[in-house]
Amino acid sequence: MKLSRQFTVFGSAIFCVVIFSLYLMLDRGHLDHPKSRRREGSFPQGQLSILQEKIDHLERLLAENNEIISNIRDSVINLSESVKDGQRTPEVINFNQANFSDLSPLATGHLSIDPEDCQFALRSRSHASDVQMLDVYDILPFDNPDGGVWKQGFDISYDEHEWDSEPLQVFVVPHSHNDPGWLKTFDDYFRDQTQHILNNMVVKLQEDKGRKFIWSEISYFSKWWDGIDSQKKDTVKRLIEEGQFEIVTGGWVMPDEASSHYFALIDQLIEGHQWLEKALGVKPKSGWAVDPFGHSPTMAYLLKRTGFSNMLIQRIHYSIKKHFSSQKTLEFFWRQNWDLGSSTDILCHMMPFYSYDVPHTCGPDPKICCQFDFKRLPGGRVSCPWRVPPEAIHSGNIQHRAWMILDQYRKKSKLFRTKVLLAPLGDDFRYSESLEWDQQYRNYQKLFDYMNSHPEFHVKAQFGTLSDYFEALHKASNLDEENNNSVFPVLSGDFFTYADRDHHYWSGYFTSRPFYKRLDRVLESYLRAAEILYSLALAHSKNNAKMQAFPSVDHYKLLTEARRNVGLFQHHDAITGTSKDWVVVDYGTRLFHSLMNLKKIITDSAHILILKDQEMYQYNPSTPFLTMDDVQSSQDSLPHKTVINLSKQPRYLLIYNPTEQERSSVVSVYVNTPRVKVLSPSGRSVVVQLTAVWDGAVKISDDAYQVSFLASIPPLGFGVYQLLEGLSSETVLADYNLYHYDKAKLVKPYRIFSVKEIQNALDEIMLENSYMKVWFSGNSGLLEKVNTKEDNKSNRVKMEFVWYGTANNRDKSGAYLFLPDGEAKPYVFSDPPIIRVTYGKIFSEVTTFFHHLTHSVRLYKVHGLEGQSLEVSNVVDIRGEYNREIAMRIVSDIESQNRFYTDLNGYQIQPRQTMSKLPLQANFYPMTTMAYVQDKKIRLTLHSAQSLGVASLKSGQLDIIMDRRLMQDDNRGLGQGVHDNKITANLFRILLEKRNGVDVKEAKSSVSYPSLLSHITSSFINHPLIPMITYAETGIPSLLNTFSPISSMPCDMHIVNLRTLQSKYHIK
């Protein structure tokens, strides 16, 4: 592939920053207004900036932020100019070596917000929704009576004359749902099925202009497109122009909506849409999501902001479908909970029945509808489970058959508010054989011709695309007329947790294969960092002839591959953990390769940006200038730190800050000597904590030492620190207490470290910094209590671990379903665990070694953000277990009753209610980045660096499922259990915040917001600093002390991405 030398680098920057940043980060509020400022270095708990109620206020807000956007625009222009004229622009790329202060552990933080900033969170809502999902959950009994032929519904009747004045319009929409990996890998599915479906589509749609077909997954479509000839490509373009073939949604995949982060949801959407624009010149108009296991309003919002007017969803709890059917609210405007107007409204169609297959899409009776799935004609490989096969349509049966299907169409239409009906016609990997195209299209065309030629039927039936249906729906309901009162209700809320029948709740997949859920989040962080640094390096490389050696084209290919691998993993059978073992390995291998490639892009881009003299630039792929400080050896192993060899000559440690504000965070690296000195970018010695590197619980490594220090790094920039061998008064050794019950286990000597061994100690362990005191059990080593020094209040925050089993009946937990055998059982240990307590100048921590997990709680002794929350990490290993799931439980004295809060896709907060009328598994919800419980006085937030399932089964409590090992299939098509468990690391932060001036109405509100402190904490845990070390020990050219491409942005703004786009036109 020839790439243009002129990449559209910064058009995408403005696009992402202005559109997504304003909406994604300003659409948030703060929890309280502070009565007093907290100690120096902390966040004031002011109101979080957010969009106001009316359009004129949005304009005012844009005006207030105009200076920031102008700065970015000017930066873009200046950088672009530097590309043209080769001039360095110091205003943009700040080479001032003293442009920020070194932060000792006692220096102040830099994150602040004006209390006069937007007051959105305090505003009452002026545009209430007609349907609020929290209210729907309140009123529904969630019973499951037999509904007759529509088992989960009710009998539908109609008057035959209802359509006399206005005939029924029926759009039969042929589709084929192609999973990019599930029972086979992506490539195997493509080889065996998908390519044949698309090849047949080109031939068969040309046979009759009335034939229609829709397609969703661009990952498959692009692979097919790359292998076909120009004649076939021209035919496809013509079929699209003539409205026979439509691309729906147009994302790289049809993503999961529970575990995916909004960054990845946007990215896979951009990747698909950019490909479509470049290859076909088309932009999708309608969303189609028939298979994700529950639906998030975040996806609705993103589609709306993409320019869509319509969307379709399918997998919704059967009780909700029944209720909506009875109320005729299956079509609605989906509005965001936090929208004070109607700017986020998007028309949504909810399919009413059990599945998206043909038996459940023509009408309420699957036994009848199955007879109109002509792939199931006798003699084929698939048949109807109701044992009444389809009949080919001929003159002898057409009258009866037409009445049969019309009866189903009419009954289905009674669930909707207009006389326009959608009837999808397809299933997984359908239309792969030429015969099926003929069976379906010819038989249906005979039915259409017959019905349409008989006026007494009062029907117009035809093939259609999804947009054909929605256009007719808009017309029938006068939606496009101004000042029209819509016939459709407005709905707000989400559609989790999904159940397809009985008590079969799909809350298991919120956690299944957690190793890869964590790997995905790490890769997203690296992808964003690589995108930003590549874009900056690309502009920079035009400055100097020597820098033309920067491998921009090769790296763009790697970047594109990484985008696509991250996008592929958002598929609803990938990040969900619901694929076959070998398919999981295929996904993991793709992620792993892209992880390594992204690290290379980051280090190579940093090389260009950090040189003081551009003439010194040399690119040598076999001898990298920089390397990362950690290594992952395979797709299913945990990363480990590399040991940096020190000498009297400095080794340069570049630290990259991927956030938009100047940032102070603790950085830890491994070195080969305890005699270590660290110099800041301005050359001053910094305080260093020297910690032992432990081999297991009790043995200290002889050849590695951990160096930790507080680094202050400019926004989206680098700080260059120097590591030298030598004594320094600023280097402080950590001390250890080791609690144990078996002397034989201990391995001495402890060398330079002071290790105090304590046997049978049941006294509490206490850690302290300037914000809090934290107590741990001397017996278990687990967290017990937290005292916040600001108000000197102590709160019970007790950490526990528990086991969930699986049901004893025929239906058991599997990859999708969570079917526990009752409440969780305590994690019991026969011998008290070894507890290792680290006391240090930069951080202290308590690490507890259990049989199935190693659990650490770290308290940073620094001012600013990192000192205000507890870092919790677990390394979990349940590979020897049988049908068990391990959970971390936090028990507090917060009086949250039955209410708690989880995020959706790292984008917004959804209030939850734990309901006794629902089974335990129904009260679990997805947690992408955070969950919290609160009362009038305090909020406890658990921040997460990976998606997992969470519940609050009792007041003040949070249960987080960390891993699941299940020995059987749960009968949802996968055909296997989940027993490919890995040693899995997960990472959390626990944040306690005082609440002031709480509105009593808030407890019932459908909307809630993280505090600003909480937002930035989440950003830090999901976008850690990235350290890199110079590869060579000597002969390093002069480096800048700092590199700072932008000024610090306000704390309530986030650059989603700075994404280089490929030029639309190739230069030959």
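This is a predicted model: local features need pLDDT of at least 70, side-chain atom pairs count only at pLDDT 80 or more; totals for chains, interfaces and linings use all residues.
Two strands count as paired when DSSP finds at least two bridges between them.

Look for strand β32, residues 853–860, and strand β33, residues 870–876. The two run antiparallel, and six bridges join them. To see one of these links, find T854, whose bridge partner in β33 is V875. In general, the strands of a sheet are held in pairs by backbone hydrogen bonds, and the pairing can be parallel or antiparallel.

β32 and β33 belong to an open sheet of eleven strands, ordered β24-β23-β30-β31-β32-β33-β42-β39-β38-β35-β36, and the pairing is mixed. At the edges stand β24 (754–759) and β36 (908–913); each has a single partner strand, so one side of each has no neighbour in the sheet. From one strand to the next, the twist averages 20°.

Helix α18, residues 1012–1022, lies across β38 (930–934), β39 (938–944) and β42 (984–994). Its direction makes an angle of about 165° with β42.

Finally, here is the chain as a whole. Its secondary structure comes to 18 helices and 44 strands. The chain has 1068 residues, and 65% of them count as buried. Among contacts with a separation of 6 or more, 76% are between residues 24 or more positions apart. As for the surface, the chain exposes about 37800 Å², with carbon and sulfur atoms supplying 49% of that area.

Terms used:
Residues are numbered from 1 along each chain as its sequence is written. Side-chain values use heavy atoms; hydrogens and water are left out. Helices (H or I, at least four residues) and strands (E, at least two) are DSSP runs, numbered from the N terminus. Axes are lines fitted to C-alpha atoms, for helices over the stretch in contact, and angles run from 0 to 180 degrees between N-to-C directions. Contact means heavy atoms within 4.5 Å. Buried means under 20% relative accessible area, exposed over 50%, partly exposed in between (1.4 Å probe, protein chains only). Accessible areas come from the Shrake-Rupley method with a 1.4 Å probe; for residues, only the protein chains shown count as cover.
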